[in-house]
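Hi everyone, thanks for coming.

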Amino acid sequence: MSNTKTSNHNRRAIVTGGTRGIGRAIVKELASRSCCGVLFSDVAFVYNSCDECAEELMSEIDYPGTKIFGFKADATSLEQAQATVNEAIEKLGGVDILINNAGITRDNLLLRMTEKDFDDVINANLKSVFNYTKAVIKPMINQKYGRIVNIASVVALIGNPGQSNYVASKAGVIGFTKAMARELASRGITVNAVAPGFIQTDMTQKLTDDQKQKLVQNIPMGRMGTPQDVAKVVAFLCSKDADYITGQVISVDGGMAM
């Protein structure tokens, strides 16, 4: 599916997990603001299941000169990731930015957690980062330019009971980020991670009011974050202002992990 408009700029982004929550905000932020020294970024977003969500997102992005494409794919599959990136590059004319945001939760105490719950979260949250990074680095190396931002989590820094699978996956994302930053720095490619705290998304909407209140008590700023809080930091890391930043983990958490 696509919604194509004439474009003469050259910053092209791929965002995984792009139809909901933080991913949706990132897609809209990259498409609507001055990013990477140009007026807009063209964006290809990847989603897993909700066709209606993808159509709705594309209908909301109506900026003259901006291209927006949605691709339905399983982020845990390297084959599908490569095919998606190839098609996105064909549609956009290249790739300059990758935002690895795809992720799920399967929360439970370890005593009750199934092997499938653990494997599913590791595959969706960590292997997807490997898949899409592997798929984009060759074209980025060839053009000697790239910006990769991986979405981790504050719980990777502080831990969280009942989320051993999620915490392990996001801690892995941070380690992967630092390794890639060292591998790719000489090629003109920066790799950074953003670690959101408790953000108002579908995941946190499942919490009770009492649970939310207890969470907020542990946040120095006294409130949960918004997807836009995260998206603005991601856009900064993709901009020329962040050209000398790589291998970093930036917490967007209201002070939780300090």
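Let's start with K144, which sits in the loop between helix 4 and strand 6 (146-151). Helices here are DSSP runs of H or I with at least four residues, strands are runs of E with at least two, and both are numbered from the N terminus. K144 has a relative accessible area of 64%, so K144 is exposed. On the cut-offs: buried means under 20% relative accessible area, exposed means over 50%, and partly exposed is in between, with a 1.4 Å probe and protein chains only. The phi angle of K144 is near 60°, a positive value in a residue other than glycine.

Quick housekeeping. This is a predicted model, where local features need pLDDT of at least 70 and side-chain atom pairs count only at pLDDT 80 or more, while totals for chains, interfaces and linings use all residues. Residues are numbered from 1 along each chain as its sequence is written, and side-chain values use heavy atoms, with hydrogens and water left out.

Now to helix 4 itself, residues 115-143, and its partner helix 6. How far apart are the axes of helix 4 and helix 6, and at what angle do they pack? The axes are 8 Å apart, and the angle is about 15°. An axis here is a line fitted to C-alpha atoms, for helices over the stretch in contact, and angles run from 0 to 180 degrees between N-to-C directions. Helix 4 and helix 6 are therefore roughly parallel to each other. For that label, angles under 35 degrees count as roughly parallel, over 145 as roughly antiparallel, 65 to 115 as roughly perpendicular, and the rest as oblique.

Helix 4 passes helix 6 in a right-handed crossing. To get the handedness, a crossing is left-handed if the near helix is turned anticlockwise from the far one by less than a right angle, and right-handed if clockwise.

Who meets whom? On the helix 4 side, the residues include F118, V121, I122, N125 and L126, and on the helix 6 side they include S169, G172, V173 and F176. Contact means heavy atoms within 4.5 Å. The residues of this contact of helix 4 with helix 6 divide into 14 nonpolar, six polar and two charged. In that count, Ala, Val, Leu, Ile, Met, Phe, Trp, Tyr, Cys and Pro are nonpolar, Asp, Glu, Lys and Arg are charged, and the others, Gly among them, are polar.

Zoom in on S169, in helix 6. Is S169 buried or exposed? Its relative accessibility is 0%, so S169 counts as buried. Leaving aside neighbours within four places in sequence, S169 touches V121, I122, N125 and L126. G172 is also in helix 6, which covers residues 164-184. With a relative accessible area of 23%, G172 is partly exposed. G172 and A156 are 16 residues apart in sequence, and their C-alpha atoms are 8.4 Å apart.

On to helix 1, residues 21-32, which packs with helix 9, residues 227-237. Their axes are 8 Å apart, and the angle is about 50°. That makes helix 1 oblique to helix 9. The crossing of helix 1 and helix 9 is right-handed. Among the residues that meet are I22, A25 and I26 in helix 1 and V230, A231 and V234 in helix 9. By class, the contact of helix 1 with helix 9 has nine nonpolar, two polar and two charged residues.

Helix 1 also has helix 2, residues 51-60, beside it: the axes come within 11 Å and cross at roughly 25°. Helix 1 and helix 2 are therefore roughly parallel to each other. Here R24, V27 and K28 in helix 1 meet C53, E56, L57 and E60 in helix 2. That contact of helix 1 with helix 2 has three nonpolar, no polar and four charged residues.

Last stop, the rings. How many aromatic pairs does a search of the whole structure find? Two. Rings of Phe, Tyr and Trp (its six-membered ring) pair if their centres lie within 6.5 Å; planes under 30 degrees apart count as stacked, over 60 as edge-to-face, and the rest as tilted. The rings of F45 and Y47 have centres 6.1 Å apart and planes at 40°, so the pair is tilted. Both F45 and Y47 are buried.
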